[in-house]
Amino acid sequence: MKISYSWLHELIDLSAIGSPEKVAAVLTARGLEVEEIQSQGKGLEKVVTAKIVKKDPHPQSDRLSYCEVDVGTGKNLFIVCGATNHKQGDIVAASLVGAELPNGLKIGRSKIRGVESEGMLCSESELGMAKESEGILILPPSTPIGKPIAEILGLSDTILTLKLYANQGHFLSHIGVAREIAAHLGKKFEDARKLYQGDVKPGKFKVDLQAGADAPQFHAVEIEGVKIGPSSPEVVKRLEAIGARSINNVVDATNLVLFETGQPVHAYDADRLDGSMIGVRIAKSGEKLPLLDGTEVECTGDELVIVDGKKAVGLAGVMGGGNSEVSDSTTRLLLEVAEFSSAKVRKTKVRHQKHSEAAARFEKGIDPANNERVMRRLIELVTSSAGGKVTGGSHVKAVDTAKRTAITLPFDYCTNYLGFDVSKDKVASILRGLECDVVETSGAFSITPPSYRHDLNIKQDLTEEVARTIGYDAIPSTVPVLSSAPQARSSADFIFLNRAKEAFVRQGLSETINYSFRSKSELELLGMKSTAKLLNPLSEAYEFLVPSLIPGLLENLRESTRKHFGSDALALPIFEIRPTFHHPENAPIEVKSNSDTGVTEQWKVAFLLSGPESSVRLSSEDRLYDFYDAKGVVTGFFEQLGTKGLRMLGLDQSRSKSALHANLHPGQSAILLLGNQEIGAFGRLHPKIEKAEKFKSPVWIGEWDFEALKKMSRGSYAAKTFEPWADTPPIERDFAFLLDGSVKADAVIAAIQKAGKPLLKSARVFDRYQGGQVAAGKVSLAFRTLFRDDTRALTDAEVEPLSAAIIAAVTKEFGAELR
Amino acid sequence: MIDQIQRLGEKALAAVESATGVSVLEEIRISILGKKGELSECLRGLAQLSALERPKVGAAANEWKTKIETALSAKKALFDEQALAETLKRETIDLTLPARRHRLGALHPITQTTRRIVEIFSKLGFDLMTGPEVETDYMCFEAVNIPADHPARDMQDTFFLGTGVLLRTQTTSIQTRALRSQSYPVRIICPGAVYRNDHDATHSPMFHQVEGLFVDRGVKMSDLKGTLEFFAREIFGEKVGIRLRPSYFPFVEPGAEVDVSCFRCAGKDASCRVCKGTGWLEILGAGMVHPRLLELAGYPADEVSGFAFGMGIDRIAMILHEISDLRLMFSGESRFVSQFSSP
């Protein structure tokens, strides 16, 4: 909300505070945050009125003129001007050398086409008066010369922009702010504005309230003989200063009242109202109503409407009707000052998206005790600018909303709640300063807040008033006392989550965080379907809650590829651990209970590897991420979490079908099992997708369930058990077998382990060779085995039979040939 | 004979001095000190000398032997040293070629900041609590004193999934769940993703908040200030201070906006990148828990009181790391995510 400093000063003397900046500081400290202070004359300090004494053509240009201007100093200036709308004798605005105009333009002594110019003649836009303008500003011939332009144009005001909260409706007016200033100064705010003092006899119009507590009171006054015309320049200036638009003298008067008092009011053309009747009722469903802004609303049957004898003439509290508005030919007015239910106005405003100044005030609550006074102020402003005479009126109250219940505030409450001593007298004087009625009872105050303070309902509200008046700086710092030992039960999940993230980081992967929503096409690319759609997404790109984290990671790769201009060097080792969202398909999403949405969140773990495996190295050492890197990441991850029972099964050997499988290379991917439960899969992105996306190097992805993993892992607080080793010397034996190309290394190792019992401690593949001397379709696999007895040194003779048994077993089981 | 030994010795020393390599030294050693060497030959004549002369000549010969041996080994050491120096020189490599490094992974700055915040509050005895991101209208709004027609709903543009089902706009919903699942004392810190229908350089449709809640008998507003002062100093450094300003959040009363003095310039630099010259960073909203929240959760609102606070994790991460565009946080850009391997 914008506050005019000069307007505020008319309501309360600000000289004791001094300047707009100081007033802003006072308001901010009291909780009325001043976001911006705008001085209207800023940038115009070196712009003065000047008379064009002589206008000559520029010697070098047909478009430019060369003007001699009198700026009231006795020494004429010579200024080159590009405009064409001026002539000799005109009074204009001249910016002098050294001026820095509101648009940032700096005026210096300059040569324009070889001729020296000692300033600039300004247009309205250059003076900050208009966004666009044509030609330079020509002032009335009677304008004195050599005066600051800001003074001549009356641009001496300062505008404070306040950022007000939803519970600060009582500050949405100049009087509301003036009351705060008065409280700060320790004075009582007196409204000295001129009011209509005449009698108001019952008029022709009947007021009919049909909405009960939703429209508690309505005040209507008839005025005859008004003349609609433009408002005075002062009124126009005042309204424009705070960002409002001048319409005509009557509408402007209603707006002045709104910005002055915070009470929205309305003026109808009485001749356009049917049946000498005005009233309020609940709208009928389907009822149509043209509005002042040129639109038409169709009511749902929930709104409050203002009606005459025949039709709806206004959306109560939100906007007047287009069928009863004041026009140039209006001579009879019906003025309205009324009260409407905050909830009703808000609902209507939201439903029809009409964010009017009136709605912004009614939805937060107006002063129900002030209708009479506001009406008298409105009559005064209307008749003083548009003429006319009050012919009658009536003020109908259906429900009295002005009476407030008293709040009990124990004398020591503020001290105990805020944590520093606030005396009883101080509390009383602060609240009285805020126009509360303060009565002392035994041990406590009984406090009745003023009718306009809808935000004061409980003792904590009053405590805030006391605290903000004293200033929050007075609150000391204390450390809260723990009344019981700290607990850490629920921190366990957080610890586990972080451990899981670190299990990736240690392996060189970096964490990404993606939005929980993605586009339909991104999901479709992977054959995925979301069961949770946003009703009001930001755009199509963010419409569906994700069933999987893979679409996000692929988007990261796509985006990074794009930002790297397709460079081969892009390496993207990333992971994400976040929830995915699921809801039973085809069932509407609706709340099941206060705590149940029906949507389940399943946390998942996902990773992606693509590009060069290492960071900067010589190209001879370079290689791309491959399957075994991905396998290493997966096994390293589970090992670090102490997960038991992880198994991998080639995708081609698995019968299970999850949404992810169709997106994986069938020969270079595996499903992950914990015990017998499938928890996810990893492997190469299907080449058809790699190709469609134009990814430059193979993409390795993986995703698995986080919750299942958590169950099968060491708890957050359980420590890894130390595994001792034996110090006896081992005996190593290497075997190289020529095998059929389809034999898997794992199967051979299993056979070796079985045959090597009981002394065999480990067996692993250390070489794999195809081609060359190895026949086509065959593969040479070399295994390193290690034998040991934990209690003594072994002899070769003891290992020999086991070695022979291994060779026999592998030869027999796989038709292998020892090389 | 002594003279002969001396000449021999001087000749040998001269030869050692002018030797050009280890092999030459060996030749000298053999020709002088070897079994058939000149000195040995010379000493064979010792037997013919008188008993009186013999020890003198013997001593002189031994003296010269030692001298020559010393000279030989000194010279040899010199040659060895030279040879080593040459080897070392030959083995010198180009140190400026790139290091063979393992790639360092990094936690997202939001994760790192969340962890720092959680650690700080755990020192004060706060336990961690999380909750669902898809929430009921009740938990997100009704239970925190924002009924359906409340103007405060305008403060947050909400994403809806269905009737009464939304993406939480604030982690306050975790507080409401916590209050319903335990009795006082409650001391929890609640981080998580939240969602609002807004997108530009400083607003993201998904971002992160952390809220804290402390409910017990006799909790005062000064406890809130002390807690947040401790937090500010732990995260931004010993020298910062905090400032509370009156503000409004429907779930607290009194409410406060909390500013932290600029840790970089302390308000002394008008062109400071961190505080934009204001000297203050607006990072927290806080206040005393509104009794309505306690009542709705079934607490004896007259017996207990509490404070609550909330802040944007992303905003704090942006301040700490001087990240200017929030959207980068969610870009997954390789150059962004890999940058934060050091805190």
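This is a predicted model: local features need pLDDT of at least 70, side-chain atom pairs count only at pLDDT 80 or more; totals for chains, interfaces and linings use all residues.
Local features are reported where pLDDT is at least 70 and side-chain atom pairs where pLDDT is 80 or more, whereas totals for chains, interfaces and linings use all residues. Residues are numbered from 1 along each chain as its sequence is written, with chains lettered from A and ligands numbered from 1 in the order in which they are written.

We may start with the domains, whose bounds come from an automatic or database domain assignment. Chain A is divided into domain 1 (2-40 + 158-185), domain 2 (47-152), domain 3 (206-397), domain 4 (407-473), domain 5 (492-711) and domain 6 (731-818). The centres of domain 3 and domain 6 of chain A, taken over C-alpha atoms, lie 95 Å apart. Chain B is assigned domain 1 (2-90) and domain 2 (109-341), and 89 Å separate their centres, again over C-alpha atoms.

The two chains meet in a contact that takes 88 residues from chain A and 75 residues from chain B (residues are in contact if their C-beta atoms, placed from the backbone, lie within 7 Å). On the side of chain B that touches chain A, helix α8 (residues 221-236) of chain B gives the most, with 7 residues. Helices (H or I, at least four residues) and strands (E, at least two) are DSSP runs, numbered from the N terminus. That side of chain B comprises 35 nonpolar, 21 polar and 19 charged residues, where Ala, Val, Leu, Ile, Met, Phe, Trp, Tyr, Cys and Pro count as nonpolar, Asp, Glu, Lys and Arg as charged, and the others, Gly among them, as polar.

The axes of helix α2 (residues 22-33) and helix α4 (residues 53-90) of chain B come within 10 Å and cross at roughly 170°, which makes α2(B) roughly antiparallel to α4(B). Axes are lines fitted to C-alpha atoms, for helices over the stretch in contact, and angles run from 0 to 180 degrees between N-to-C directions; angles under 35 degrees count as roughly parallel, over 145 as roughly antiparallel, 65 to 115 as roughly perpendicular and the rest as oblique. Among the contributors to this contact are Leu25(B) and Ile28(B) of α2(B), and Leu72(B) and Phe79(B) of α4(B). Its residues divide into 8 nonpolar, no polar and 4 charged.

In chain A, 4 strands form an open antiparallel sheet in the order β14-β21-β13-β22 (two strands pair if DSSP finds at least two bridges between them). Strands β14 (265-269) and β22 (389-397) of chain A stand at the edges with a single partner each, so one side of each has no neighbour in the sheet. From one strand to the next, the twist averages 20°. Strand β13 (residues 217-224) of chain A pairs with β22(A) over 8 bridges, Glu222(A) standing opposite Gly392(A). Helix α9 (residues 371-386) of chain A packs on this sheet, touching β13, β14, β21 and β22 of chain A.

Strand β21(A) is largely enclosed by the rest of the structure, because 7 of its 8 residues are buried (a residue is buried if 20 or more other C-beta atoms lie within 10 Å of its own, exposed if 12 or fewer, and partly exposed in between, with C-beta atoms placed from the backbone). Its antiparallel pairing with β13(A) has 8 bridges.
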